[in-house]
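Hi everyone, thanks for making the time this morning. I'd like to walk you through one model, so let me bring it up on the screen.

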Amino acid sequence: MPGLAPPTYLDGDPERILGFGGMGSGKTSAWLAIAERCPDNKFYVIDTDGAVRRMIAQRNLPNVISRHASTWQDFVETTKEYRSLVKPGDWQVVDFLPPAWDAVQEWYVEQVYGNNMATYFLQKRKANAKGNPIDGDKDWPTIKRNYRAFIEMLKLSPAHVFVT
């Protein structure tokens with residue numbers, strides 16, 4: 001976000017980790033293993049698919065704070081809140097990032113057209129049976145700018161960041 005100063009670190013630069021793979025490949029287990037080995041550090045997690053809640057229920061991890069996010073407002077507000085809480089050595093985790101891209105597009109359609117995305121697409125399809133219902137109707141620079149601002153908040157966090 002404009003105006004955010006780069007963070008300062010006590011022990012060098014924080015980690016920036018991207019875990020990727022198919023369902024069940026171990027993305028969530030990877031950062032949970034770090035949380036188990038770092039009990040003195042907080043893990044502030046944005047959980048988009050419910051996997052975190054299910055997996056931490058099987059472990060004793062009082063250092064993991066998890067919130068569910070499904071709307072763009074959830075992603076932005078939770079990331080800002082977490083950023084205000086983290087200390088060097090802590091972790092910010094987004095456990096499963098792709099829903100954020102969908103959420104920012106849905107937010108845009110709601111802001112501009114006043115409809116949820118499903119209603120908007122249905123109305124556009126009924127009005128014009130040919131072609132792609134979103135061609136020319138989305139302001140991609142605005143959508144991308146908002147998404148990039150969210151990613152920048154993560155990148156400039158004083159905490160380590162783990163994104164799946």
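Let's begin with helix 4, residues 98-113: at 1.5 Å a residue, its 16 residues should span 22 Å, and the end C-alpha atoms lie 23 Å apart, which agrees. Do keep in mind that this is a predicted model.

Now, which residues of helix 4 are buried? They are Ala 100, Ala 103, Val 104, Gln 105, Tyr 108 and Val 109. As a reminder, an α-helix has 3.6 residues a turn, so residues three or four places apart point the same way. And what covers the buried residues of helix 4? The cover includes helix 3 (72-85), helix 5 (117-127) and helix 6 (140-155).

Two of those helices deserve a look together. The axes of helix 3 and helix 6 come within 10 Å and cross at roughly 25°. With angles under 35 degrees counting as roughly parallel, helix 3 and helix 6 are therefore roughly parallel to each other. Their crossing is left-handed. On the helix 3 side, the contact is made by Trp 72, Phe 75, Val 76, Thr 79, Lys 80 and Arg 83, and helix 6 brings Asn 146, Tyr 147, Phe 150, Met 153 and Leu 154. By class, that contact has seven nonpolar, two polar and two charged residues.

Let me zoom out to finish. The protein has six helices and five strands, running β-α-β-α-β-α-β-α-α-α-β from the N terminus. Of its 164 residues, 40% count as buried. Happy to take questions!

Definitions and conventions. Residues numbered from 1 in each chain as written. Predicted model: local features only at pLDDT ≥ 70, side-chain atom pairs only at ≥ 80, totals over all residues. Heavy atoms only, no water. Helix = DSSP H or I, 4+ residues; strand = E, 2+ residues; numbered from the N terminus. Expected span 1.5 Å × (residues − 1). Buried < 20%, exposed > 50% of the residue type's maximum accessible area, 1.4 Å probe, protein only. Contact = heavy atoms within 4.5 Å. Axes fitted to C-alpha atoms, helices over the stretch in contact; angles between N-to-C directions. Parallel < 35°, antiparallel > 145°, perpendicular 65-115°, else oblique. Left-handed = near helix turned anticlockwise from the far one by under 90°. Nonpolar A, V, L, I, M, F, W, Y, C, P; charged D, E, K, R; others polar.
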